[in-house]
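Here are a few notes to read alongside the structure. Have it open and follow the points in order.

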Amino acid sequence: MTTGLQIQRAEVLGAEGLVKKYGNRTVVEDVSFQIRSGETYGLLGPNGAGKTTIISMVAGLIPADAGSIRIAGEVMAPSSIRARRHFGLVPQELAIYPDLTAKENLRFFGKLQGMGGQELKLRTAEVLELIGLADRAGEQTKKFSGGMKRRLNIGIGLLHRPTLLILDEPTVGVDPQSRNSILESVEVLATEGMAVLYTTHYMEEAERLCNRIAIIDVGRIQAEGTRNELVELTGGVDRIDLRGSGDVASASAALRLLPGVQKVDAGSSGIILTVHNGPGLLAPIVERAGSAGMALTAVEIVRPDLESVFLHLTGKALRD
Amino acid sequence: MRGLWTMVANDLRLRIRDKSVFIFSLIVPLALMGVLNLSFGSFGTDSVELKPAVVVANSGDGGQLGSALLETLDTLPVMEVTIRTVPAGDVSRETKDSGADLGIVLPADFTTAVTAGRPVAVQLVQGDAARMETNVLVSVVDGLLEQFSAGTVTATAGERAGLPHQVLGDLARQTASGTPALSLSEGQAASGQLSLKGSLVAGQAGLFLLFTVGFGVLGLLAEREGGTLARLQSAPVTRGSIVTAKALVGFILGVAATAVLLGVGSLLFGVSFGSPAVVALLVLAVAAAATSLTFIVARLVRTAEQANIAQSILGMVLGIAGGAFFPIQTSGFLAGLMDLNPVAAFIRGLGISAGGGGVADVAVPLVIMLGFAAVAALASRLVPDRGSRG
């Protein structure tokens, strides 16, 4: 029995009880998760939830105040060299040299990873092809569009064929076309067996890419599981969004009394209802809101999704 | 080690491609050297060449001292002097009309009066276009008259002591015309001195070195701002090797720029700094000191912009205090403090080297510069790293 191989297949990244404090403020508290080979694991949470801090600890950029990290069986610490060979980091900020060409950027970071000679030459060409920059390989990256830079940013992270690819919000500020291209690249890498740690505050990205998702808020994992497992946490309830004007307050009060309505959140321009069996309750809800003096302009039934899960767990919207 | 040299090579490539290192480390200091040389003296040489001068003179004195005065002017080694003799009443007009540099009227009893210890007046007329040559001639006459007056003092003292008149005359003549018992001769200071041009070349090289090394260590801040530092820190290289790579880049750029500035400066301005081996040691030492200093700056500032400002202030303060533009004269504690300035030590070392000094002779400046490097490197470990919190 070869334990090493088993460890690699079973677990590429293991984080246990991570804690990070800045002064008296705890920004990451008791975070634990594991990622297996070929799995894409998402950290989903709003800005400031602690995702980048977790990534920074995993990548050895900052030390954890408590807890442990193992990457491909190697203990990760700020001084650990061996653990660093097993992952590629794609930081949230662009991390490329604008005065170097795309090819020079790839070759430099490839050499830092210990690559060289023919291996580096072939792999550089391969990655340039993968990220769609083969025809612009000799151009200085300062002439690139934002999307091209983002693709190169990712290309550098996966150049040395890491066991684990860490992507920190890779699609922030990217045009839809480039964003789709990036998501497709991640999907391809996952099918090739690479483990991916992916942070995002875009629910759609997490739903599309991730096998398992941890919902992060205020530095803690609020829930973890597959998409369906997380949705189950909401108790199978639907969300009904009512938009309109008039007496919203009276409508809210009236709807609270309706059987099947679990929660009513009233805003200035509408009401969000959490209900059991949304389609079945739609007609009485519309009727009661109208009777209470609210002039409806739009009604939408939202089936449970990660946004709903987040709302259910934290009481606030993902993009708050 | 491979990672270290990969980072060094990449940084050097970036600096060369950026080109600002050439502008700030070579072009600007060379231009400044040229401007300062033009401002502080003639371009080609340190010495001033005096032009031929004309003296219009009348000496009614048939004695020894009057002749001695005019003969001294006629045979001045520093410039060619022509003496034209005219009647006493014409000296003033002739001096002005002919454009002569100086007119002199010696009274008829000049020698007699001097040797007898009596007051005597010598009339000097300066030419209309008072030139440097006129000033030199006046100074020479002034000096001669002072020497002659010493004869008067001697004669007066002898008379009061009751010496016979014959003896008094001999004493006065001997004192007035003899060579002084004490003399001043120009020599070389023990520490060696650079010429004006040499000081400017060495000073500018030392001053701009402080800016040049900043391209290395302060590159850490640029990496942080550009986002690439996180990528470097996540690569399988030690934190120490990242910092060491930056230091090496600063050091290499500093050594190269200083060597080029001294070399090109020597050729352009005709100065020599002595033994290349000694100069090389001094350059290596001052580059080490300057590089260490930038570590402190890199830890104290949060942005590359702050770093540039701090580096400029430090560079100017150390450069000026070190004598990059003009020598600074201080004494006491301040002088001791100034001596610890690596730029001052560098210039002093080059002075010693230019004066023919060897490695042993520049030991003190070398120790100062290397000591500064060690202390600055240590201090940089102790000051808080404000940038990493940014």
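1. First, some terms: two strands pair if DSSP finds at least two bridges between them. Strands (E, at least two residues) and helices (H or I, at least four) are DSSP runs, numbered from the N terminus. This is a predicted model, where local features need pLDDT of at least 70 and side-chain atom pairs count only at pLDDT 80 or more, while totals for chains, interfaces and linings use all residues. Residues are numbered from 1 along each chain as its sequence is written, with chains lettered from A and ligands numbered from 1 in the order written.

2. Now look at β6(A): it runs parallel to β7 (residues 164–168) of chain A, joined by four bridges. Gly88(A) sits opposite Leu165(A) of β7(A).

3. Zoom out, and you'll see an open sheet of six strands in chain A, with mixed pairing and the order β6-β7-β8-β3-β9-β10. β6 (87–90) and β10 (220–225) of chain A are the edges; each has a single partner strand, so one side of each has no neighbour in the sheet.

4. What packs on the sheet? Helix α6 (residues 176–191) of chain A does, touching β3 (40–44), β7 and β8 (195–200) of chain A. Contact here means C-beta atoms, placed from the backbone, within 7 Å.

5. Over to the two chains: the contact takes 21 residues from chain A and 16 residues from chain B. On the chain B side, α1 (2–18) and α11 (228–234) each supply at least two residues, and α1(B) gives the most, with six.

How values were computed. Axes are lines fitted to C-alpha atoms, for helices over the stretch in contact, and angles run from 0 to 180 degrees between N-to-C directions.
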